[in-house]
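Here are my notes on the model you asked me to look at. Please read them with the structure open.

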Amino acid sequence: MSQEKIEILLRSLNREREARKAAEKILEDKSRELYFLSEELKQSNQQLENLLNEKSSQLKGVFENILDAYVIIDLSGNVLKFNDAAVDLFGYSTNGSPVNVVNLIYHEDLMYAMNSFDTLKEKGFFKNYKARVVTKSKAIKWVHINASIIHDITGLPIAAQGIVRDVTHLKFLEEQKEQILKKLEKSNNELYEYAHVVSHDLKSPLRTIDTLVSWIRSDNVEKFDEETIQNMNLIETTLENMDKLISNILNYSSADTANEEVEVELSKVISNIKNTLFIPENISLRINSKLPVLRGDGTKFQQLFQNLISNAIKFNNKKNGFIEIDFTEEVTFYQFSVKDNGIGIEKEFHDKIFKVFQSLTKREDSTGIGLSIVKKIVDLYKGTIWLESTPNVGTTFYFTIKK
């Protein structure tokens, strides 16, 4: 072999050695990386295993300690697992004979239960299912259930789970409440009809007496002396007050019952009050804010404002009296105020004045029912009423109407 060929072979051998060294270096680096990566994976797997054990332990704790019944069934309705609360509720155990949920459902609720189960399989969950179940001891109980489908690792549905709450006592209370409300509604209707009939029966003779008194006065106007005329005036005033009292009692009896709700422009309500209510020249009525349009019973709103304004007029002794109506809109309610510069109300009477027949000042034109009607109407619209007052300075009534 020539020297030249030998040198070529030597250079080729050197390149192969260098290439092998480089490959060995790369292999060594990769091996090191794989080693570290393998260690990281081991640590991660260990952490995941610890986390899984922790979560499994937590779930087991939840399953065993949850106060509500927890039930797992297969997609055919066979019970796979009951927690202790479920065993207490139904009286069955998964350690005994097989239990299918169909056998737990009260027969009248079976169709509803089947439809709900179809919904569960179709949507993957249902909420607020309420129906009756029959326990092992044949007791019938109302239950509330939220349920969902359990899927395997590939996403296939394999079972269903549900939280079951015994609401038998709550259902019993709800039924009692409904019965009481129906009785109360019936009683209120009967009371209103009674008040309506009584008011009609009482007003009829009052009108007859008033007419007779008027005839007697006109027939004997030349014969009556001053004392007799005063007595006749007293009779007429008394008759008028009795008529007003009967009307107010009728209004009070119906104040917590609204007629059909419509859009009510309160500015028109106040305008009507101005036209129907006598407002002395020394008293001004001002509206400081644009009043809203509310949905409700227009007659009730008129009664509300009219009673407050009427009181502000009656109990104002100032030479230049005023009444101011104001309004603010809050997030969940409307707030109104009716302010006057009248005689004011002592603090000790701020609650008492809303009770029926609790007039603080004896006046012939006051029946002691007006503010009671106001309170009832505010209650009807889920509002509150209160006042701020300083004797001899004035009073501001505040009330709210829920939106």
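1. Start with the aromatic cluster: F305, F327, Y334, F336 and F399 form one. The model is predicted, so local features need pLDDT of at least 70 and side-chain atom pairs count only at pLDDT 80 or more, while totals for chains, interfaces and linings use all residues. Residues are numbered from 1 along each chain as its sequence is written, and side-chain values use heavy atoms, with hydrogens and water left out.

2. Next, the aromatic pairs. Rings of Phe, Tyr and Trp (its six-membered ring) pair if their centres lie within 6.5 Å; planes under 30 degrees apart are stacked, over 60 edge-to-face, and the rest tilted. The count is 12 aromatic pairs. One of them joins F327 and F336; this pair is tilted, with 5.2 Å between centres and 35 degrees between planes. Both F327 and F336 are buried (buried means under 20% relative accessible area, exposed over 50%, partly exposed in between; 1.4 Å probe, protein chains only).

3. Why is the pair of F354 and F397 edge-to-face? Their planes stand at 80 degrees, with ring centres 6.3 Å apart, so the pair gets that label. The pair links distant parts of the chain, 43 residues apart: F354 is in the loop between β10 (333–340) and α8 (370–380), and F397 is in strand β12 (residues 394–402). Helices (H or I, at least four residues) and strands (E, at least two) are DSSP runs, numbered from the N terminus. F354 is buried at 11% relative accessible area. F397 is buried too, at 6%.

4. Now look for charges over rings. The rule asks for NZ of Lys or CZ of Arg within 6 Å of the ring centre and within 35 degrees of the ring normal. K403 has its charged end over the ring of Y334, 5.4 Å from the centre. K171 lies over the face of W142, 4.5 Å from the ring centre.

5. The largest nonpolar core has 39 residues, and those with the most contacts inside it are L266, F305, I309, F336 and F399. Such a core is a set of buried Ala, Val, Leu, Ile, Met, Phe, Trp, Tyr and Cys residues joined through side-chain atoms within 4.5 Å. Helix α7 gives the largest share of this core, 7 residues. A second, separate core of 25 residues includes A85, V99, A131 and A147.

6. Is strand β1 (residues 69–74) mostly covered or mostly open? It is mostly covered: 6 of its 6 residues are buried. A69, V71 and I73 are buried on one side, and Y70, I72 and D74 on the other. In a regular strand, side chains alternate between the two faces of the sheet. β1 pairs with strand β5 (residues 157–166) in the antiparallel sense over 6 bridges (pairing needs at least two DSSP bridges). V71 stands opposite G162 in β5.

7. Finish with the salt bridges, where a side-chain nitrogen of Lys or Arg lies within 4 Å of a carboxyl oxygen of Asp or Glu. There are 16 of them. E28 bridges to R32, with the closest N and O atoms 3.3 Å apart. These two are 4 residues apart in helix α1 (residues 3–65), so about one helical turn separates E28 and R32. E28 is partly exposed at 44% relative accessibility, and R32 is partly exposed at 39%. K25, E28, D29 and R32 are linked in a network of salt bridges.
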